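This report looks at how the parts of a chain meet one another. The structure is shown first, and the description follows it.

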Amino acid sequence: MQYIPNILFVIALVAGIGYFTMNIRKIIRNIRLGKDVDRSDNKRERFKNMAMIALGQSKMVRRPIAGILHVIVYLGFIIINIEVLEIIIDGIFGTHRIFAFLGGFYDFLIASFEILALLVLVSVILFWIRRNVINIRRFKTLKGWPKNDGNIILYFEVVLMALFLTMNAADLQLQELGADHYVKAGAYPVSQFIAPLFDGMTQGSLIILERTAWWLHILGILIFLNYLYFSKHLHILLAFPNTYYGALKPQGEFDNLEAVTNEVKLMMDPNADPFAAPTTEVEEEPEKFGASDVMDLNWAQLLNAYTCTECGRCTSECPANQTGKKLSPRKIMMDTRDRLKEVGDNIDKNGSFVDDGKQLLNDYITTEELWACTSCNACVEACPVSINPLSIIIDMRRYLVMEQSAAPTDLNNMMSNIENNGAPWPFNQMDRLNWNKE
Amino acid sequence: MSETIKVPTMAEYMAEGKTPEVLFWVGCAGSFDDRAKKITKAFVKLLHNANVDFAVLGTEESCTGDPAKRAGNEFLFQMQAVTNIEVMNAYEIKKVVTACPHCFNTLKNEYPVLGGDYEVMHHTQFLKSLLNEGKLTVAGGRFKGKRITFHDPCYLGRANKVYEAPRDLLTKLEVELVEMKRSKRNGLCCGAGGAQMFKEPEPGHKDVNIERTEDALETQPDIIAAGCPFCNTMMTDGVKNKEKEDSIAVMDVAELIANAQDL
Ligand code: SF4
Ligand code: SF4
């Protein structure tokens with residue numbers, strides 16, 4: 001009988017971590033549906049970017065208010081999780097505050113956790129006000145699930161922090177009553193003000209209170225962990241690989257399509273024999289240019305989609321969006337993720353992908369959005385976790401132009417001018433130096 | 001223009017068995033657009049005055065392919081790139097300067113993988129280096145004390161992180177340089193990039209260039225300085241739309257320097 005709590009705890013822990021691992025593997029599988037792209041170079045610079053942008057939050061603080069609040073919640077999240085380690089050990093072995101032997105250092109740790117918990121509470125409340133009361137356009141434009149998701153996370157944080165502090169306050173009371181098992185340990189700068197609320201409670205009810213808070217807290221954390229998969233809050237984890245694998249080239253440099261290069265070389269090479277029988281790869285399907293669905297994007301772009309926090313910093317800087325066009329780089333990322341999830345579910349159901357008559361283009365992202373982009377890179381610059389919505393827009397334009405010849409008429413004229421006279425306007429190439437004669 | 005400056009072509013240099021120090025890549029706008037041609041001429045005057053040994057490709061130059069690439073036509077882009085690279089490599093070109101940030105970005109970043117590796121500079125960077133070497137003097141002259149705001153071209157600024165060269169030059173003109181609320185890495189696009197220059201905008205409630213012109217007008221400038229022929233057009237249209245063309249000029253950094261000295 002004595003071991004029932006330990007057994008229940010281990011079951012909850014294994015179930016929580018197991019389900020989470022299963023979903024993470026699904027995400028990895030889905031990301032691998034993307035095309036290959038080499039991001040194995042420059043490890044040093046990549047580590048530096050990850051340290052600065054993900055760990056150091058360097059781009060978050062470009063917007064100081066949201067940035068600082070976010071740093072607090074983020075630090076709180078990471079540091080308070082040290083406490084989770086103790087909770088797990090205690091839970092498995094039936095011990096209580098196993099790290100208490102650290103003495104003064106333990107006091108310091110618990111005191112820091114408490115102060116952070118309080119700061120997190122305050123920040124989360126301010127976040128909630130920003131999201132729901134103050135008129136901030138990038139939050140106001142979120143509807144339905146994404147809007148709820150943002151709030152649910154905040155409520156989660158409030159509940160977890162409240163449970164943590166309640167647990168400590170009850171523990172403090174029990175310590176002072178000299179209850180068995182409750183060693184005198186830790187410093188409680190915040191919960192000492194909650195403890196008086198429990199004055200006069202019997203030792204028995206205090207233990208029930210402490211145990212309840214303890215259990216709900218750890219179960220809450222396991223639920224939170226599993227909630228991530230369904231939420232934009234995956235960025236807590238994916239921001240790290242995403243900033244690591246982010247592009248290192250100048251933002252203005254768009255990738256080169258190797259397949260096109262090969263064809264162009266062949267066309268330009270006077271020695272190439274156009275009638276020569278293709279050598280080995282006879283029956284190979286011709287490569288598709290650009291992207292009409294998520295499988296045509298590369299894995300780094302798909303990782304981008306899972307990492308997006310839906311913060312809307314990109315969209316709030318986008319010149320097209322600000323002037324009322326349909327384009328929103330945040331929507332591009334959210335659409336890519338939604339479609340990728342849909343494809344993933346399809347694979348889960350059928351074993352492998354079965355054509356569902358849908359694709360990213362048109363069913364999610366319209367051509368009107370794609371053609372409104374000025375390729376200004378404001379979205380790329382604004383994103384706090386190194387996401388590049390522009391690269392997806394360009395890949396989809398490539399599909400429209402090279403596979404479908406579906407560019408707007410004006411652009412077709414521009415392109416035929418380049419093809420015929422080497423300039424986007426109908427001027428003769430032979431007149432290129434005339435400016436000097438005028 | 002009172003006197004025509006002799007602009008040598010690479011072909012002429014080649015015929016004499018010489019190679020110039022730098023190729024001036026004029027670009028399509030610089031060659032054909034009436035407004036941009038003035039920028040080209042101003043820059044040539046500055047090069048000439050600083051005794052820079054330069055040449056142009058003239059009729060051998062062709063569109064870099066930038067608008068095709070941004071529109072998604074990688075085929076056309078690469079055809080253009082390969083053709084241009086063939087010409088430039090035949091002339092053994094090492095260094096290129098251009099007054100167009102789109103040409104600059106494409107030549108600098110997108111030509112190397114296709115076999116075209118050159119040292120590429122935007123004209124503001126090149127002028128800055130001439131200034132540092134003492135070959136160019138930039139002094140207040142006509143614009144001393146004027147309020148000037150600089151609009152960062154996306155393909156110079158964010159795309160390639162060149163923010164200081166044009167500002168350093170403007171400061172040397174002893175003008176009052178005022179920043180718009182969105183500038184440098186936060187600068188707002190003029191609306192021309194990504195091949196938008198060549199098409200009608202999608203439906204919305206405003207044109208991007210008007211939004212950007214409003215940013216500029218907020219600083220109450222005498223002059224809006226630009227470093228890109230397309231931004232120049234967009235901002236000029238914006239200023240006209242606001243009926244401010246009589247009091248506010250839109251000028252390229254090169255024009256400002258050349259005009260300050262009454263070149
Ligand atoms: S690159 Fe395109 S999507 Fe991104 S901010 Fe600029 S216009 Fe908007
Ligand atoms: S792409 Fe980046 S900036 Fe845009 S919503 Fe997602 S996380 Fe925020």
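How many residues of domain 1 of chain B are in contact with domain 2 of chain B, and how many residues does domain 2 give in return?

## Domains and their contact

The model is predicted, and in it chain B is divided into domain 1, covering 10-131, and domain 2, covering 138-259. Taken over C-alpha atoms, the centres of these two domains of chain B are separated by 22 Å.

In reply to the opening question, 27 residues of domain 1 of chain B are in contact with 30 residues of domain 2 of chain B. The area buried between the two domains is about 2300 Å², and carbon and sulfur atoms give 72% of that area.

## Polar and charged pairs

Two salt bridges are found by the rule across the interface of domain 1 and domain 2 of chain B.

A salt bridge joins the side chains of Lys128(B) and Asp168(B), with a distance of 3.0 Å from N to O.

## The domain 1 side

On the side of domain 1 of chain B that touches domain 2, the elements giving two or more residues are α3 (34-49), α4 (66-71), α6 (101-110) and α7 (123-132) of chain B. Of the elements on this side, α3(B) gives the most, with seven residues.

Sorted by class, the residues on the side of domain 1 of chain B that touches domain 2 comprise 14 nonpolar, seven polar and six charged residues.

How values were computed: Residues numbered from 1 in each chain as written. Chains lettered and ligands numbered in written order. Predicted model: local features only at pLDDT ≥ 70, side-chain atom pairs only at ≥ 80, totals over all residues. Heavy atoms only, no water. Domains from an automatic or database assignment. Contact = heavy atoms within 4.5 Å. Buried area = accessible area lost by both parts, 1.4 Å probe. Salt bridge = Lys/Arg side-chain N within 4 Å of Asp/Glu carboxyl O. Helix = DSSP H or I, 4+ residues; strand = E, 2+ residues; numbered from the N terminus. Nonpolar A, V, L, I, M, F, W, Y, C, P; charged D, E, K, R; others polar.
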